[in-house]
Amino acid sequence: MSKRIWHHPEIPEEDEGIASWRSVGELERSPAFQEQLNREFPEGSGHLSEEDQQASRRSFLKLMGASSALSGLTLVSCRRPESYIVPYKKAPEWVIPGKPLYYASSRPRAEGAVPLVVTTFEGRPTKLEPNGGHGEGCGTDALTQASVLNLYDPKRSRDFLKGGQKASQKDFEEVFSSIAQEGGKLAVLVGEDDCPTRNRLKSEIETAYPGSRFYSFEALRGEARREVHTEVFGDGSEVVVDLSKADRILSLDCDFLGVDPMGSHAQFSERRQGGAGDYRQQIDPEVMNRLYAVETAYSLTGGMADHRLRAKPSQIAKIAAEVAAGLDITVGGYEAGKISAEEKTALLGSAENFDKWIEGCVEDLRAHEGKAVVLAGSRHSEDVQRIAVAINKKLGAYGETLVAYATGREGYGTIAEFEAEVDSDTTVLLLGPSNPVYDRPGGKFASLLSKAKVSIHLGLRTDATARASDWHVPAAHYLESWGDTRTAGGTYSLVQPMILPLYGGFSEIEILSQLLAWRAVDWAQVDSGNAEDSIPAPKLIAGEGPEGAASPALAEVRKTFALPSNANDESDTAWKEALKNGYLQSSSYSSVEVGDPAPMLTARKSDGIELNFLADASVWDGRYIDNGWLQEAPDPISKLSWDNAALVSPKTAKSLGVYDAVQELEPETDVPLLGKVKNAPKPLIDEGQNAAAPMVRIKTAAGRMEIPVLVAFGHADDCISIALGYGQGASDKRDGVEPASEDDAHAVVGLVGINTGFNANQLRSGASFSGVAADVARTGERYAVALVQEHNAMNGRALAREISTGEVGYHGKTLPFEKQVAKVREQGPVDSHAPENISLYKRRGSTTWEGDKDKQEDLISDKIHQWGMAIDLNTCTGCNACLVACQAENNIPIVGKQQVAMGREMHWVRMDRYFATPVYEHDEKGYIKKEGGKKVPVPDWVKENPEMVPQPVSCVQCENAPCETVCPVNATVHTEEGLNSMAYNRCIGTRYCANNCPYKARRFNYFDYNKYNPLVAHNLYKGPAGETQRGAAPHLQRNPNVSVRMRGVMEKCTYCVQRLESAKIKQKQIGRDKTLRSGAKSTEVAVSAEDLRIKPDSVKVACQDACDANAISFGNLLDKEEAKVWRAKYKGEKKNDKGFVEVIHNPRNYDVLQYIGTAPRTSYLARVKNPNPDMPDAEYRGLATIHTA
Amino acid sequence: MADTATKTASEASAPREVKLPVLEREKLVLNKRSYHWITERVCGVIENRQPRIWWALFIPTVIMAIVGVGGGLIYLVTTGVGVWGNTNRVMWGWPIVNFVFWIGIGHAGTLISAILFLTRQNWRTSINRAAEAMTIFAVICAGIFPAFHVGRVWMAWYLAPIPNANAIWQNFKSPLLWDVFAVSTYFSISLVFWFLGMVPDLATIRDRCKRGVKKALYGLFSLGWRGSNRHWSHYEMAYLLLAALSTPLVLSVHSVVSFDFATSIVPGWHTTIFPPYFVAGAIFGGFAMVLTIMIPARFFYGLDDMITMKHIDNMAKIILLTGSIVGYAYLMELFVAFYSGAKYEMAAFTYRITGPYWWAYVAMMSCNVLSPQLFWFKWCRENLWVVMGVSMCVNAGMWFERFVIIVTTLARDFMPANWKYYNASWVDIGLFLGTIGLFTALFLLFLRFLPCINIAEVKWAKEESDVHFDDKKAHPDEGTVVEASYQHELEKGTAEV
């Protein structure tokens, strides 16, 4: 009997852009579709309860996910795990072990949903990719990339809790039924994501339960902004920026490229490229946008800014008012609250400089009326919001660069209203993702909950709110539930489940719909005893109804989908089409009129130390505190992982007495005999495992906390920035942090989140995200911190390169922009003098693949694919999305805080971040100015506001790889396609390769990080006595096409070789197709190299796919002009005098450490700063690698 | 028979003859010791009860070896290389520092036994045996580190060119593989050389043993040596050939070890000066270690007449020479880094001196370059306390040298984003102390069971062993002390015929 072969689904021709995915609708067009839907998942796939651990699907998945991947390694080692792989008794359709299936879905979030393509293996979602194509621009951020891990979080809530204690579903059903029977007043608190089905159910529930009201709350969406927006644009309005039209952008502490998104920022990157988004033409400064940023702490947006002004939180509104005044806008209270001359001097050295700055900015904005936009930080005060609206109105931004939309979120109350309206008659339902007991300052929320009749919390985590509520119901992850949502621009998007709820969680729609359904139940007949009309008591349905029926949420979503405002089509076809695409193409929000913002400035004193509360790039408002990938991902700015800290400027650190000295960015020290040398002393807090930051006690009117202090370059003076979201549970004593134990299944935090960071909410007195510290004092204690990067300056090495569109003096010449571009490859002290790499041997180097077959000796083995990558620093913000995406794709383990502190993190993509500032004044020709024989240092206000350049570094796949020559066992070798590959099975771990890697891109498994849980204290050091985690839930996320590395093995980026191979295999089917088409014998059909070459830019690697900014180009260099990566690296070809074909480099493209001659395949494109020549700091911008080098 | 307690019964050496006749060579065996006395004295070390100090040293060092090396390795292999302090920035830390340190120690042995033999430096005879033993033990200690520092030690056989099913050969371009071959060759040749040289002496001990296990074992290892002319003739040829064979090894082993660094592209490692500088450093460190162990041995076993102040003087001079070569190399490295104009190279050396590991650099410079300069002064070479102190300094200094090269370089390489301080863990420290224990314990066992001085060769070094020896002829001018050969002992009736 021949084996039945399941063919992997074909890619339809029209599906370009995304590799391929399948939706249920496409699979089945039969009338029995509804039934088939429920068979989408193998039987029992969802139940991950403890009971059926033996020989169940869960066990199977465990084995598939972890052990089988491990077997590749363990078979060759001396240990072989006992494993029993059970084949499917009845194979689910389309499921081929090891072959991915792709489905479209979306991740709902308050800033607009992220449309996704979800990769699943045997029913397990493993990886999320952006699903573009709807015209709004799309990428994924680090939070989205990491959200798949939350699905498998072992700490996820799986039990009903009553008053914090485990309870049964039956008990809860009784409570639920009594609520439904009474039909009393409900107060439903939801998140601020726009869910059309929820909006629809809202009105139904408000009818069915009279007096009920819905409220929405997100901890990090400023209430002040919401109020102003409601007033000016109407209830439930949302303002989205269209950066493709914005020539000039002024950010008032708005991190729109980072934690404060206001719509997609893909268009920002395009504009940043100055017309060279796909590298078909050279960068044009005229087309490039210009970004001004006023901010307190450095943000990713500040890093991209052409001009950055650091200011205290209280000064942001004043500066906004200055700009408004410059644009002749009447701001109420302007005269009284005006920024003082002293403040001006403190900000920019002198009042003249400040006035020049404002004037330069204002004139630039005015000159680009209709194409300029001012973005106010969403967490800023009412003043800032109003002034920003007024300026935008004046600049004609609305309808052009800004669109105010009416969303479906009309009629939701605010959190303040919720707090005011909840009384003892109210049943409180907390359905949102926020954690108000923790998030709301003042700690009154818990008592509010106890005031309510009954409070029910639905959540993924047993967080503080879950424990403070009467009832906690485990929630379903968005990858487990049906739902719908809208993107920032209003595109209607569907959320479809990939797997049944692992822990039996309920979705928000399920709860709401069942609330309605149960209200309609004739309770008199429930278990009435009367045999005829008695009906059984209804049961709450999560994920799947009885006998495999669909979740009620599906019916609700389809009902919403069929509404006239959406598809207006009840047929299956439209639904299936939308399900396949993941979104409804034609849908969008309607824009609204702009009202009168009534700009005003409230006079506010700004003496003393101000506090600035930040959104955290890792834990967000705290909801991701149990996500290991995000916790371990270093903060993009401070590079701190696993904690938060108080960030202060170097000067303030000294003045507060935290540090004895001002930490200098690039200090010079006098060395005997050597004279003044640029030195890299130990940072003030020591390095590596010794790194310990001093603790301070901060007191405000609201409370106090202790927190370690880190020096943050470019931070405003006299204020402290602290990220929110940390400090939710600790086993050690921490001020205001709930006690938590590692053993308690219902603790506030799990193993990941325990003892991470400090709760800054204690210092907040109201909804405001700024405040004033009454007292800051050193406690004398120190706190161990895990900093991934401890040295912040490039130390004169042109690693991340930068040029300016303005004229720059350089080596005795004044260089205009074009000349600077031409000199990018010569930046830095060594690369500029690197001689031509003349070799005794055959011609080698990064140009080998371009060989002219007739004339020059062709050395490359593979003439079909030669892979290459280019990373554009001009668009890379340094946001960590690629880092987390890589972790998800390549089964990279987390190692825990202590190992990170030692320097053993495993990220294949290392996100370097450098600060750079000129140290000495230069004349227009680029020579250092001297006065009386002494070099003239730049003024302090310049030095204290350095530029920030990120640089993602992973293995650059050197053609002349130093690692390969030194491996004694040939474990790292070059492939014919130009990859520097790793044979994990062959690696014995001498670590010589990593020593010899100039980029330090290699990662060594010092312990069995996959086998032994690194988060259990000392576990790694216990050896075989340690607690193993093989087969634990997070292992279900593993990509089966990437081997899980054991200890003692070196690993690193290999350009997602598994993706390349699978793309090549797919392409090879052309031979079969050709044969079938021609009807000839397969032996007679010739397949050419061109046939086997995959289509240009059709394969994407994980980091590239995730990148919001399109900063990473990857592809086949043999595709030449057709490949984006080729265009990023080269302009064209020419014949040299010897008749050889040579490429002309894209001048902005350079190899890092080119002089070593490693000939890397990954190159970088220099960052371009576009300063305004009228600004006082123009001459200091865009020089990160020129004048500091 | 032999003295009951080696030290107490030994006669006090005559103070060194201050005045020597013109062009007269200092005697290599003092006090006109007879052939018999030499046999008695050397064999006495084995046959007599060990002095208390032996036990006082042996017991703690054995414990150190068992706990440090045994326990340390078991913990390391079961748990992972992570128990050391190595990180993803400083991939090689103490283990490789210790490896290079011990390999360096092992150098003096072969130099003394091979090169000094070929160059007919007869003063080598009384120290070569102990130096060779030291070599063997040092290489054993050294070998532990590279073998166990790999991530998967159970796969370390991939390093051996064994035909296997994978059909993958080793990467012969890798200096690490050269290292494997160089060190294993060095170890095997040194072992054979050491053993072969010991055969006549083992036979002597065998002949002096009573029947029993001891005699059987010494008999087994003396390979049926009867001291016939034919034996001696073959022996000497074999010894000469082995000496010739191991001479290039003296230069090759540490050159190859230095290639681990020199062939890499890491600034601070990538220097052509490394091979000679490493060899000089190894000899330097090796002689310091010979002195460190021979001075106490000489004292406790009363070997002063065979290991004379002349020997110590010679070794001190070699230390001075090689120490100065090493110092020159240090300075030349700095100069070349400066002269190259290569930014990264300059930075690497700047950070060595001024960076976070400045203390290691200072320790290295003061121990290796400054402390041997004392040996310019004769009284320093004659004062055993000074000699011992300087040797100790050099031992420490050579460890710091390797630390400076390996750790400070890796902690500050190309990309500042990677820079991170490295700390050794307690396992690192324990394992290193364990190898010190192992080395000392093995050396004490060597003293206990094997002839620590080459009896036969020391006898050759005596003037009267020369077949052409003629006292009158040697000193035709009157007024010189006429050497009465061992006749004076015969006259006293103390010598056995």
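Analyst: What follows starts with conventions, goes through the interface, and then turns to the chains, the cores and the salt bridges.

The model is predicted, and local features therefore need pLDDT of at least 70 and side-chain atom pairs count only at pLDDT 80 or more, whereas totals for chains, interfaces and linings use all residues. Residues are numbered from 1 along each chain as its sequence is written, chains are lettered from A and ligands numbered from 1 in the order in which they are written, and side-chain values use heavy atoms, with hydrogens and water left out.

With contact meaning heavy atoms within 4.5 Å, the interface draws 84 residues from chain A and 64 residues from chain B. The buried area between chain A and chain B (the accessible area, with a 1.4 Å probe, that two parts lose on being put together, summed over both) is about 6,100 Å², and 55% of it lies on carbon and sulfur atoms. On the side of chain B, the residues that lose the most area to chain A are B:Asn88, B:Arg152 and B:Met415, which together make up 12% of what that side buries.

Three salt bridges are counted between chain B and chain A, a salt bridge being a side-chain nitrogen of Lys or Arg within 4 Å of a carboxyl oxygen of Asp or Glu. In one of these pairings B:Arg412 meets A:Glu687, and their closest N and O atoms are 2.7 Å apart. As for polar contacts (pairs of N or O atoms within 3.5 Å, where within protein one atom must be able to donate a hydrogen and the other to accept it, and residues adjacent in sequence count only if both atoms are side-chain atoms), the rule finds 45 residue pairs across the interface, both residues being at pLDDT 80 or more.

Helices and strands are DSSP runs numbered from the N terminus, helices being H or I with at least four residues and strands E with at least two. On that basis α3 (52-79), α7 (175-208), α9 (229-262) and α12 (343-354) of chain B each contribute at least two residues to the side that touches chain A, and α12(B) gives the most, with six residues. Sorted by class, this side of chain B has 36 nonpolar, 20 polar and eight charged residues, where Ala, Val, Leu, Ile, Met, Phe, Trp, Tyr, Cys and Pro count as nonpolar, Asp, Glu, Lys and Arg as charged, and the others, Gly among them, as polar.

The chains themselves give the setting. Chain A has 33 helices and 50 strands, while chain B has 19 helices and zero strands. Taking buried as under 20% relative accessible area, exposed as over 50% and partly exposed as in between (1.4 Å probe, protein chains only), 65% of the 1189 residues of chain A are buried, and for the 497 residues of chain B the share is 59%. Among contacts with a separation of 6 or more, those between residues 24 or more positions apart account for 74% in chain A and 81% in chain B.

A nonpolar core is a set of buried Ala, Val, Leu, Ile, Met, Phe, Trp, Tyr and Cys residues joined through side-chain atoms within 4.5 Å. The largest nonpolar core holds 297 residues, of which B:Trp102 and B:Ile406 touch the most other members, and helix α10 (residues 274-301) of chain B supplies its largest share, 17 residues. Not counting residues up to four places away in sequence, B:Trp102 touches residues including B:Phe145, B:Met289, B:Phe432 and B:Phe439.

Over all chains the structure holds 73 salt bridges. One of them pairs A:Arg467 with A:Asp744, the closest N and O atoms lying 3.9 Å apart. A:Arg467 lies in helix α18 (residues 464-468) of chain A and A:Asp744 in the loop between β29 (738-739) and β30 (770-773) of chain A, so the pair ties together parts 277 residues apart in sequence. Both ends are partly exposed, A:Arg467 with a relative accessible area of 31% and A:Asp744 at 32%. Through salt bridges that share partners, A:Glu192, A:Arg221, A:Arg225, A:Arg226, A:Glu238 and A:Arg409 are joined into one network.
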